[in-house]
Amino acid sequence: MSSVALEDRVGKRWRKPHFITNPMLRWTLLIGGTLYLIAAFASLEVNWPRVYEGLERGWRFIVGFANPDFVSRAIDIREGMIESVIMTVTSTIVGVAISIPVALGAASNIAPLPIYLVCRFIISISRALNEIIVAILFVAIFGFGPLAGFLTLSFATIGFLAKLLAEDIEDMNKSQAEAVRSTGSSWLQWVNFGVQPQVMPRLIGLSIYRLDINFRESAVLGLVGAGGIGATLNTAFDRYEFDTVAAILLLIIITVMALEYISGIIRARVQ
Amino acid sequence: MPTRTTSTGVKVWQLRDRNGQLIRWALWMATAIIFYVSWMKISDQTTWFFVYDAPRVAADIGGRAWPPRWEYITQLGRPIWDTLNIATLGTIFALIMAVPIAFLAARNTSPTFPLPRFVTRILKAMTGRTMTSYNVIRPFALLIIVSSRSINSLIWALLLVSIVGPGVFAGLIAISIRSIGFCAKLLYEAIEEIDENQVEAISATGASGWQVMVYGIVPQILAAFAGIAVFRWDINIRESTVLGLVGAGGIGLQLQSSLNTLAWPQVSLILFVILIAVIIGEWVSAKVRAAII
């Protein structure tokens with residue numbers, strides 16, 4: 001700090017610098033934000049008597065969590081869980097199998113431009129559409145049941161996995177791949193021995209992570225008729241059987257935590 | 001280096017030795033069997049007639065859905081406004097609740113309580129480690145984070161619709177509950193990564209606990225905080241578009257009623273509007289994050 005600037009500051013109180021330094025932008029954001037909040041709250045309609053009425057149900061839900069009922073709907077819960085797990089496993093396997101070629105096509109250092117564009121288009125379509133909306137369309141087309149859920153999750157897996165895998169392939173070490181190519185390998189051999197070993201740890205990590213996500217998603221697909229534990233959950237909600245709801249939610253939380261724990265261990269080992 | 005001898009007596013290089021190969025084959029086999037069994041289960045519950053019919057049905061739906069009923073857009077203004085409000089207010093509420101939880105969950109800011117000396121001694125005898133204080137609140141904060149994160153916002157919405165009744169309010173609370181865990185987790189990781197020297201410098205001036213917080217910790221996590229807020233807002237825009245399917249307000253409500261009445265031209269218009277909203281949300285969040293970083 002030059003001595004002139006220092007002279008200016010002596011004897012003045014220090015003030016915290018603002019997070020947004022441009023005052024115009026700061027005030028515009030502040031006033032705009034306030035106006036928006038006022039408008040948003042004004043248009044928010046809350047039916048307070050209904051909320052008050054519902055508090056008793058909310059309390060019953062909390063009580064239900066304290067003593068969840070796994071027994072009286074045990075068969076439905078078991079069927080739903082098995083269906084969810086099946087959908088998760090199959091869709092992850094199929095999704096990963098499809099996303100590997102898509103990822104190779106979407107890596108700009110491997111694929112020619114037309115293939116690159118097609119694969120990037122597939123990825124952005126899959127990422128832009130919400131799983132639930134895809135599930136609704138698939139249920140309309142393929143009928144109710146786990147097949148629609150399986151297709152939805154596979155479709156969603158492609159966008160997620162292919163995008164991240166393609167980024168990893170783009171970041172790979174070129175000299176290793178070049179070394180394999182210089183032995184006179186064919187294209188397939190080049191991918192298998194030059195590219196694959198470099199991205200394998202990331203591929204395993206991402207697949208396990210996606211398995212985890214697919215399970216969470218499979219729990220809601222049942223709401224729109226695409227199979228899994230969600231259908232059981234929906235029925236339990238409709239009947240206000242909060243103890244069964246609590247049991248199902250606890251099962252989901254425990255499974256998700258277990259999967260997260262296992263995937264953490266596996267990812268730490270392969271990376 | 002593992003090798004294999006061919007019938008002509010030539011040694012050929014192999015990637016793995018025999019055991020490695022066998023283990024890999026066993027894993028592939030197990031995966032294949034699991035997949036086959038699971039697939040049969042799905043197949044049993046599928047009416048294959050409908051699936052064979054699917055291309056025709058898809059073409060049929062596509063034919064009905066095109067062209068979208070553009071004049072219906074006049075009725076979508078309010079639902080879109082509601083969706084935006086659910087996402088924005090939901091994110092704000094979530095952040096208000098996530099900040100204290102994050103401070104309670106971060107190892108370096110979570111309050112610790114001194115243990116009585118005899119407990120320390122017992123623990124020392126049992127585990128061999130000296131623990132003079134124990135963090136009571138952190139496990140609870142982590143529990144809140146985990147339960148909020150493992151349950152999808154649609155399930156929260158389902159629950160809240162049955163508690164507070166259908167409408168925007170239920171969706172708003174569902175989105176906030178779902179976002180607490182996400183925001184608090186990322187925020188507490190940011191708090192744990194702060195530079196302790198700055199905190200110590202502030203406390204060396206004789207600052208109180210709150211002053212240390214405001215001048216030592218907050219400036220270091222403010223950028224991360226803004227980034228997390230915008231990131232979650234973007235996700236919430238996507239999620240709030242479908243909350244209406246369970247009655248929790250927003251454009252999903254129109255989607256549900258259009259689907260129920262098989263008004264496919266309206267469905268295609270709504271999907272188009274949702275796509276635009278998602279793209280705008282992603283664009284805004286990318287812009288803001290680029291400006292922060």
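Leu76(B) is partly exposed because 17 other C-beta atoms lie within 10 Å; a residue counts as buried with 20 or more other C-beta atoms within 10 Å of its own, as exposed with 12 or fewer, and as partly exposed in between, with C-beta atoms placed from the backbone. You will find Leu76(B) in the loop between helix H3 (54-65) and helix H4 (77-105) of chain B. Helices here are DSSP runs of H or I with at least four residues, strands are runs of E with at least two, and both are numbered from the N terminus.

Before going on, please keep in mind that this is a predicted model, in which local features need pLDDT of at least 70, side-chain atom pairs count only at pLDDT 80 or more, and totals for chains, interfaces and linings use all residues. Residues are numbered from 1 along each chain as its sequence is written, while chains are lettered from A and ligands numbered from 1 in the order in which they are written.

Which residues does Leu76(B) touch, leaving aside those up to four places away in sequence? They are Ile251(B), Gln254(B) and Val273(B), where contact means that the C-beta atoms, placed from the backbone, lie within 7 Å. Leu76(B) also has Ile270(B) at 8.1 Å, C-alpha to C-alpha, although 194 residues separate the two in sequence.

Now step back to the whole of chain B. It has 12 helices and four strands, and buried residues account for 33% of its 293 residues. Its radius of gyration is 28 Å, whereas a compact globule of 293 residues would have one near 19 Å; the radius is taken over C-alpha atoms, and the globule rule is 2.2 Å times the number of residues to the power 0.38. Chain B is divided into domain 1 (3-49) and domain 2 (73-292), with bounds that come from an automatic or database domain assignment. The centres of these two domains, taken over C-alpha atoms, are 43 Å apart.

Next comes the largest nonpolar core, which holds 126 residues, and in it Ala157(B) and Leu160(B) touch the most other members. Such a core is a set of buried Ala, Val, Leu, Ile, Met, Phe, Trp, Tyr and Cys residues joined through C-beta atoms within 7 Å. Helix H8 (residues 168-192) of chain B supplies the largest share of this core, 14 residues. Beyond residues up to four places away in sequence, the contacts of Ala157(B) include Ala170(B), Leu243(B) and Val246(B).

Chain A is our next stop, with 11 helices and zero strands. Its radius of gyration is 26 Å, well over the 18 Å that the globule rule gives for 271 residues, so chain A is more spread out than a compact globule. Of its 271 residues, 39% count as buried. Gly32(A), in helix H2 (residues 23-43) of chain A, is exposed because it has 10 other C-beta atoms within 10 Å.

Finally, how do the chains meet? In all, 46 residues of chain B are in contact with 44 residues of chain A. On the chain B side, 30 of the residues are nonpolar, 14 polar and two charged; Ala, Val, Leu, Ile, Met, Phe, Trp, Tyr, Cys and Pro count as nonpolar, Asp, Glu, Lys and Arg as charged, and the others, Gly among them, as polar. For the complex, the predictor gives an ipTM of 0.77 and a pTM of 0.80.

Definitions and conventions:
Two residues are in contact if their C-beta atoms, placed from the backbone, lie within 7 Å.
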